[in-house]
Amino acid sequence: MRIAEAVLLLFFSLCFVSDLKPLQAAEKPDRQVAITIDDLPAGASKMMSAAEITDMTSKLLTTLRDQKVPAVGFVNEKKLYKFGEVDQHIAALRMWLDYGFELGNHTYSHLSLNQVPLQTWEDDVVQGENVIRLLLADHHMMLRYFRHPFLDVGRDLETRRQAEQFLVQRGYRIAPVTLDAWDWMYAPVYDDARKRGDAKLQDDLVKSYLSYSDSVFAYSEQLSKQIMGHEPKQILLLHGNQLEADHIGELLDVLRRRGYRFVSLEEALGDQAYSLPDTYVGEEGTGWLDHWAIAMGKPPQGAPVFPQWVIDRAKTLHQAQP
Ligand SMILES: [Zn+2]
């Protein structure tokens, strides 16, 4: 090789390297998210047989396990007590631990702290511990996470703080939520389309769910930066339903494309964001990014609008139920 050629080659290879490196760094932000899945053994457990719940659980957990994505599932034990199906429902919960995941308490009967007296709510928390404590102990694990039903943390600050103190005394860490794309609103419409064999509607719902999720994630990342100047380790709220069992792999891809990697809830909670001042109270439960923004006197604006056609279909279905 002549010297001129060698110099030229060196020049081009340097250009190539120096061009690529900053580009890759800019395109791939390092984001982290923990996955949490509520309303176990199943969101729509009234409509599902124990066998359907078993299949749904196995499909959901297989995807998560194969992709090495940690998750914590939050249980409403009341849903276990269906005549003739108790053992199968408990077996579906056990599957979570056998597959290497963790379970937390979501109250016995999905009771809102904003709708009942504090004592009633606390009793419901305690009643929600029986089976999961046994299952966890059998796997040499402790019950350590609690998720508020409807994300309702109390209508006044005194109730909120008393409830938090009660939870801490019972050994719980509260599991906040920072990402939430309302999969529970899609789930019954998806179930109905699936039962009727309406492939077109199922497809439309999945596309809408994934694109709405993507816009919620983008909005939440922006809001995070506005509130705290950076994005914390986020915590995503999903629900145990057939939509997630069938399509969680695609949702994980949406997250990966945004630069997320998946961490445990324990790791996410280690982020300092989760000790930010939070005095939020209100009739309507909401995510923790909203809590922090409101506590700072900067109420969030411009959240993506949930697709109205899905709400309309969910309402129609709800009315049609016997
Ligand atoms: Zn729930």
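Visitor: How many of the chain's contacts join residues at least 24 apart in sequence?
Guide: First the term: two residues are in contact if their C-beta atoms, placed from the backbone, lie within 7 Å. Take the contacts between residues at least 6 apart in sequence; 82% of these join residues at least 24 apart. This is a predicted model: local features need pLDDT of at least 70, side-chain atom pairs count only at pLDDT 80 or more, and totals for chains, interfaces and linings use all residues. Residues are numbered from 1 along each chain as its sequence is written.

Visitor: What secondary structure does the chain have?
Guide: Helices (H or I, at least four residues) and strands (E, at least two) are DSSP runs, numbered from the N terminus. Here there are twelve helices and eight strands. The C-alpha trace spans about 85 × 50 × 45 Å along its principal axes.

Visitor: What share of the chain is buried?
Guide: A residue is buried if 20 or more other C-beta atoms lie within 10 Å of its own, exposed if 12 or fewer, and partly exposed in between; C-beta atoms are placed from the backbone. Of the 322 residues in the chain, 38% are buried.

Visitor: Where does H9 bend?
Guide: The bend at a residue is the angle between axes fitted to the seven residues ending there and the seven starting there. H9 bends by about 65 degrees at Ile248. After H9 comes Gly259, with a positive phi near 95 degrees.

Visitor: Which residues of H9 are buried?
Guide: An α-helix has 3.6 residues a turn, so residues three or four places apart point the same way. In H9 the buried residues are Gln242, Leu243, Glu244, His247, Ile248, Leu251 and Leu255. Their cover includes strands E1 (31–40), E7 (234–239) and E8 (260–262), and helices H2 (50–66), H7 (183–195) and H8 (199–228).

Visitor: How do H7 and H12 cross?
Guide: Axes are lines fitted to C-alpha atoms, for helices over the stretch in contact, and angles run from 0 to 180 degrees between N-to-C directions. The axes of H7 and H12 (residues 308–320) come within 9 Å and cross at roughly 65 degrees. On the H7 side, Met185, Tyr186, Pro188, Val189 and Asp192 meet Val310, Ile311, Arg313, Ala314 and Leu317 of H12. Eight of the residues in this contact are nonpolar, none polar and two charged. Ala, Val, Leu, Ile, Met, Phe, Trp, Tyr, Cys and Pro count as nonpolar, Asp, Glu, Lys and Arg as charged, and the others, Gly among them, as polar.

Visitor: Which residues other than glycine have a positive phi?
Guide: Two cases to look at. His140 has phi near 55 degrees. His140 sits in the loop between helix H5 (130–138) and strand E4 (145–146). It counts as exposed because 7 other C-beta atoms lie within 10 Å. Trp182 also has a positive phi, of about 55 degrees. Its loop runs between strand E6 (179–180) and H7. Trp182 is partly exposed, because 18 other C-beta atoms lie within 10 Å.

Visitor: Where is the cis peptide bond?
Guide: Look from Leu40 to Pro41, where omega is near 10 degrees. Pro41 lies in the loop between E1 and H2.
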